[in-house]
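Visitor: I would like to learn how to read a few local features in a model like this one. Where should we begin?

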Amino acid sequence: MPAQTRPTPPPPPPLTERQEARRRRILHASAQLACRGGFDAVQMREVAESSQVALGTLYRYFPSKVHLLVATMHDQLVRMRGTLRAKPPTGASAAERVTETLIRAFRALQREPRLADAMVRALTFADSGVSAEVERVLHQTTAIILEAMGRDDPTDEQLSAIRVIEHTWHSALITWLAGRASAEQVETDVATACHLIDLTEPGRRGEG
């Protein structure tokens with residue numbers, strides 16, 4: 001049976017050029033407010049004022065602050081993916097490249113810790129009503145890891161390793177943001193999890 005990748009979430013409804021520009025302004029305002037004051041600073045009325053849209057219009061795009069911040073996280077991941085494509089990781093093995101990718105992503109988050117905290121808190125608070133937005137975030141994260149690995153046809157074993165890496169990544173961010181882990185500990189834990197990829201390489205099964 002072929003490996004089952006994470007299902008591709010349905011795309012959001014198509015937007016006109018004007019609507020897309022409005023959505024971009026909203027996401028930019030959300031990120032800027034979060035950078036200045038974290039989760040609590042992202043108030044829907046302030047986002048509407050900063051992005052120059054009516055409050056009712058904002059709610060039609062994003063029904064809640066959690067929806068908005070999870071979408072902001074997806075937007076940040078898309079930007080990060082573009083940066084990584086422009087300057088891809090250089091490790092010799094898939095595990096090394098994924099480690100480099102996630103550490104680069106973590107260091108980018110370190111530069112804006114309040115934004116990181118706001119996005120991770122929103123992802124943690126998200127309930128079933130935000131499932132489509134959460135799935136887009138998870139799908140984007142998986143795509144970034146697969147591109148670092150250089151795989152578009154992962155095996156079930158590789159997908160399992162990726163899920164463990166993603167769980168470790170998310171948990172490490174939470175503990176770092178809460179002040180319970182140092183940046184060095186986060187990088188060590190992420191690198192350790194990424195070594196799982198080595199064990200999924202062809203020919204490694206049954207070694208030892």
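Guide: Begin with a definition: a charge sits over a ring if NZ of Lys or CZ of Arg is within 6 Å of the ring centre and within 35 degrees of the ring normal. The model here is predicted.

Visitor: Which ring has the charged end of lysine 65 over it?

Guide: The ring of phenylalanine 39, with the charged end of lysine 65 placed 4.0 Å from the ring centre. Phenylalanine 39 is buried, its relative accessible area being 9%.

Visitor: How many aromatic pairs does the structure hold?

Guide: There are three aromatic pairs. One of them joins phenylalanine 39 and phenylalanine 125: the ring centres are 5.5 Å apart and the planes meet at 85°, and because planes over 60 degrees apart count as edge-to-face, the pair is classed that way. The two residues belong to distant parts of the chain, 86 residues apart: phenylalanine 39 is in the loop between helix 1 (17–37) and helix 2 (44–51), while phenylalanine 125 is in helix 6 (residues 113–125). Phenylalanine 125 is partly exposed, at 46% relative accessible area.

Visitor: What is the geometry of the pair formed by tyrosine 61 and phenylalanine 62?

Guide: That pair is tilted, with 6.5 Å from centre to centre and 35° between the planes. Phenylalanine 62 is buried, with a relative accessible area of 4%.

Visitor: How is the length of a helix checked?

Guide: The expected span is 1.5 Å times one less than the number of residues. For the 19 residues of helix 7 (residues 131–149) this gives 27 Å, and the end C-alpha atoms are 27 Å apart, so the two agree. Just after helix 7 comes glycine 150, which has a positive phi of about 80°.

Visitor: Which residue has a positive phi although it is not a glycine?

Guide: Glutamine 52, with a phi of about 60°. It lies in the loop between helix 2 and helix 3 (55–61). With a relative accessibility of 68%, glutamine 52 counts as exposed, because the cut-off for that class is over 50%.

Visitor: What about proline 88, and where does it lie?

Guide: Proline 88 is in the loop between helix 4 and helix 5. Its relative accessibility of 46% makes it partly exposed. Between the C-alpha atoms of proline 88 and arginine 104 there are 11 Å, for two residues 16 apart along the chain.

Visitor: Which elements give two or more residues to the lining of the second largest cavity?

Guide: Helix 4, helix 5 and helix 7 do. The second largest cavity contains about 60 Å³ of space. Its lining includes Thr101, Thr141, Ile144 and Ile145. Seven of the lining residues of the second largest cavity are nonpolar, two are polar and none is charged. Leu77, Met80, Ala105 and Trp169 are listed in the linings of both cavities.

How values were computed
Residues numbered from 1 in each chain as written. Predicted model: local features only at pLDDT ≥ 70, side-chain atom pairs only at ≥ 80, totals over all residues. Heavy atoms only, no water. Phe/Tyr/Trp six-rings, centres within 6.5 Å; stacked < 30°, edge-to-face > 60°. Helix = DSSP H or I, 4+ residues; strand = E, 2+ residues; numbered from the N terminus. Buried < 20%, exposed > 50% of the residue type's maximum accessible area, 1.4 Å probe, protein only. 1 Å grid on protein atoms, 1.4 Å probe; cavity = no way out; pocket = protein on both sides within 12 Å on 5 of 7 lines; lining within 4 Å. Points joined across faces, edges and corners; volume = space filled by probe spheres on them. Nonpolar A, V, L, I, M, F, W, Y, C, P; charged D, E, K, R; others polar.
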